[in-house]
Amino acid sequence: MLRLPGVLLLLCLAVGDFTQAQVSLPPVPVAPDINRVRLQASPDGRHLARRDGRPFLWLGDTAWELLHHASAEEIALYFKDRGEKRFTVSQIVLVPELNGLTRPNRYGDLPFLEGNPARPNTNWFDLARYAAGEAFSKGIYVAFLPTWGG
């Protein structure tokens, strides 16, 4: 019998401003109330549930390298399409594996300044915030994988 842990933690993006943003992205469409959208284990521990107790079906799509390869416009189009197809989750990696630290995204940004994980690049993580907002505006949760291991 599958039992979910009593507390289910979803990774929420909360990155502070570390540098002056240089890329102008559209405004984040939705700033979700985490208490309203929180998922949890059902009382019987057998499935995910919304806060109001309704079951949650994890119908996920993987867009692992979305932040590395897509522009804001392409991200919006991706989530529009996935929302129309009734996906409920998109799985995205924050720091990509293949050349993720050396090959910039569409805006010329890398996740870390000078390759130093202690110096996050705000532009990179602003795009992640934007993607999460686009997803939430279409009723889609984002499951961020922090990074690939190697």
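D61, D81, R82 and K85 are linked in a network of salt bridges. The model is predicted.

**Salt bridges**

- The structure holds 9 salt bridges.
- One of them joins the side chains of D61 and R82, at 2.6 Å from N to O.
- D61 sits in strand β3 and R82 in helix α3, so this pair ties together parts that are 21 residues apart in sequence.
- D61 is buried, with a relative accessible area of 15%.
- R82 also meets D81 in a salt bridge, at 2.1 Å from N to O.
- D81 is partly exposed, with a relative accessible area of 23%.
- The side chain of K85 meets D81 in a salt bridge too, at 3.2 Å from N to O.
- Why can such pairs form? Side chains of opposite charge can pair when their charged atoms come close.

**Helix α3**

- Helix α3 covers residues 72–84.
- The helix has 13 residues and spans 18 Å from its first C-alpha to its last. That is close to the 18 Å expected at 1.5 Å a residue.
- Which residues of α3 are buried? They are A72, I75, Y78 and F79.
- Seen down the axis of α3, the buried residues fall within an arc of 115°, so they line one face of the helix.
- An α-helix has 3.6 residues a turn, so residues three or four places apart point the same way.
- The face of α3 turned away from its buried side carries the exposed residues E73, L77 and E84.
- What covers the buried residues of α3? The cover includes β3, α2, β4, α4 and β5.
- After α3 comes R86, whose phi is positive, near 65°.

**Nonpolar cores**

- The largest nonpolar core has 24 residues.
- Those with the most contacts inside this core are L66, L67, I75, F79, I92, L94 and F144.
- α2 (66–69), α3 (72–84), β4 (89–95), α4 (122–137) and β5 (141–147) each supply at least two residues of the core.
- Which element gives the most to this core? It is α4, with 8 residues.
- I75 and F79 of α3 are buried, and both are among the residues with the most contacts inside the largest core.
- A second, separate core has 7 residues. V37, L48, Y141 and A143 are among them.

**Aromatic pairs**

- The structure holds 4 aromatic pairs.
- The rings of F56 and Y141 have their centres 5.0 Å apart and their planes at 75°, so this pair is edge-to-face.
- F56 lies in the loop between β2 (48–50) and β3, while Y141 lies in strand β5. The two are 85 residues apart, and the pair links distant parts of the chain.
- Are F56 and Y141 buried or exposed? Both are buried.
- The rings of W64 and W148 have their centres 5.2 Å apart and their planes at 70°, so this pair is edge-to-face.
- W64 lies in the loop between β3 and α2, and W148 in the segment after β5. They are 84 residues apart, and this pair also links distant parts of the chain.
- W64 is partly exposed, at 30% relative accessibility. W148 is partly exposed, at 33%.
- Ring pairs link F56, F136 and Y141 into a cluster. Y141 also belongs to the second core.

Notes:
Residues are numbered from 1 along each chain as its sequence is written. This is a predicted model: local features need pLDDT of at least 70, side-chain atom pairs count only at pLDDT 80 or more; totals for chains, interfaces and linings use all residues. Side-chain values use heavy atoms; hydrogens and water are left out. A nonpolar core is a set of buried Ala, Val, Leu, Ile, Met, Phe, Trp, Tyr and Cys residues joined through side-chain atoms within 4.5 Å. Buried means under 20% relative accessible area, exposed over 50%, partly exposed in between (1.4 Å probe, protein chains only). Helices (H or I, at least four residues) and strands (E, at least two) are DSSP runs, numbered from the N terminus. The expected span of a helix is 1.5 Å times one less than its number of residues. The arc is that of the directions from the helix axis to the C-beta atoms. Contact means heavy atoms within 4.5 Å. A salt bridge is a side-chain nitrogen of Lys or Arg within 4 Å of a carboxyl oxygen of Asp or Glu. Rings of Phe, Tyr and Trp (its six-membered ring) pair if their centres lie within 6.5 Å; planes under 30 degrees apart count as stacked, over 60 as edge-to-face and the rest as tilted.
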